[in-house]
Amino acid sequence: MKFISTTGQGPEVSFREAVLNNLPNDGGLYFPTEIPQLEQGFIKEIPKMQLSEIAFEVLPKFCTADIRTNELEEITERVFDFPIPLVQVNVKIHCLELFHGPTYAFKDIGAKFLAECLAHFNVSENKETTVLVATSGDTGGAVANGFLGVEGVRVIILYPKGKVSALQEKQLTTLGQNITALEVEGTFDDCQSLVKQAFADAQLNKEMHLSSANSINIARWLPQSLFYYVPLQQGFEDVTIAVPSGNYGNLTSGVLAMKMGVPIKEFVAASNANDVVPRYLRSGNYEPEGTIQTIANAMDVSDPSNFQRLLSLFGGSYQEIKNHLKPFTLDDDAIKQTIRECHHENDYLLDPHGAIAYAALHNSDEEGVFLGTAHYCKFLPTMKEALGQEVNISDFAKELMTRKKRSFEMKVDYKQFKEFLIS
Ligand SMILES: *Cc1c(COP(=O)(O)O)cnc(C)c1O
């Protein structure tokens, strides 16, 4: 299997090159040159298989040329090592709970697989890799956990001081080992710009092997498609799946699963006020506007990078996209109302992101599955506002809050950042 830019141009590269390059240099994203098809016999067996076994059937179609079978099997076992339950919320709605990993968010899976792949390719290169991650909260924690204890990789996380939630900060700053947190006196954009300057610094890149764990890396995208096998594994064929979406990595990896042969009826693109894709689905025009801050902040993306992969998956056909993807948008007040009502009606706590996708199903006659992309305990102030009362946080969260924070404070100063990297 080879990979090529979504622009359709540029060289075809191996899985290994696509992972290490992160991005093709023509503004596109890596995409498989063909969509492999699942065998009917395998699809029939899915209800009898473990998720890690399913993953071990699916992922080799993309990367056997670069990772030996037995090693890939060990990797998939380590990546899919926590439960992904399909939980009934009411008579017609189930939640696929993707938040039982170390940082309580679905990104744990992709981040772990990427970390494993980088470590694997790294061992054969025999030099240390420094992974730079700028985070506004969620991704950093998932990436850091994915790389925790991975040999030959050191991770530097930059996050904006005072702008991440208390729990998120604990997740970023209490890991230790090969993970270092830099608390930047600035915004997320400042963090991102420091990272970009480092990647553009030729002298620095001669001295060290820098790498990014960006969400558009193919190794973060591919394993997410496994989520979409779980409904079938649990006996749900041709179901509607509502996906809380921001950068559209998760939803497009679901479309990949469908294109490979997993029977899925349709997807709902569930968005917050940043509704560029729902608007596209209604009008046929893709018109990004400025980013709006919402309480489902992991989805505050105004111009999703994975829109290109969406086009590639459907051969650029607006009609085809429209046939398989339904638009849905919910504003902050309605998100809070949904959290409150779902708690009353079903005794089930939604987080602000999952709430949007739940509402998409609840407001229609559809039976279906929505993806629970994060645990509600990551958003305690919002939960309190929505419910009018404090919520119980799980033991894990309580334990996390008692851990000791370790971080280095830094100004938005590239010189200081560079010295820190070299020292
Ligand atoms: C990242 C994230 C999303 C959006 O996922 P995309 O793949 O960017 O569309 C939704 N919910 C949560 C909790 C997230 O962290």
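Thr103 is located in the loop that links strand E4 (93-97) to helix H6 (107-125), where helices (H or I, at least four residues) and strands (E, at least two) are DSSP runs numbered from the N terminus. The model is a predicted one, in which local features need pLDDT of at least 70 and side-chain atom pairs count only at pLDDT 80 or more, while totals for chains, interfaces and linings use all residues. Residues are numbered from 1 along each chain as its sequence is written, and side-chain values use heavy atoms, with hydrogens and water left out.

Thr103 counts as buried because its relative accessibility is 0%; buried denotes under 20% relative accessible area, exposed over 50%, and partly exposed in between (1.4 Å probe, protein chains only). Apart from neighbours within four places in sequence, Thr103 is in contact with Asp108, Gly141, Ala142, Asn145, Gln171 and Lys378, contact being defined as heavy atoms within 4.5 Å.

The ligand is surrounded by 15 residues, of which Lys107, Asp138, Gly246, Asn247 and Tyr248 are the closest; a residue is counted here if one of its heavy atoms lies within 4 Å of the molecule. A polar side-chain atom of Lys107 is placed 2.4 Å from a ligand oxygen atom. For Gly249, a polar backbone atom lies 3.1 Å from an oxygen atom of the ligand.

Helix H18 (residues 352-362) is mostly covered, with 10 of its 11 residues buried. The buried residues of H18 are Pro352, His353, Gly354, Ala355, Ile356, Ala357, Tyr358, Ala359, Ala360 and Leu361.

Helices H9 (residues 188-200) and H21 (residues 414-422) pack at an angle of about 60°, and their axes are 10 Å apart. Axes are lines fitted to C-alpha atoms, for helices over the stretch in contact, and angles run from 0 to 180 degrees between N-to-C directions. At this packing site, Leu194, Val195, Gln197 and Ala198 of H9 meet Tyr414, Phe417 and Leu421 of H21. The contact of H9 with H21 comprises 6 nonpolar, 1 polar and no charged residues (Ala, Val, Leu, Ile, Met, Phe, Trp, Tyr, Cys and Pro count as nonpolar, Asp, Glu, Lys and Arg as charged, and the others, Gly among them, as polar). Lys196 also belongs to H9 and is exposed, its relative accessible area being 57%. Between Lys196 and Leu132, the C-alpha to C-alpha distance is 9.4 Å, with a separation of 64 residues in sequence.

Terms used. Polar contact = N/O pair within 3.5 Å; in protein donor to acceptor, adjacent residues only side chain to side chain.
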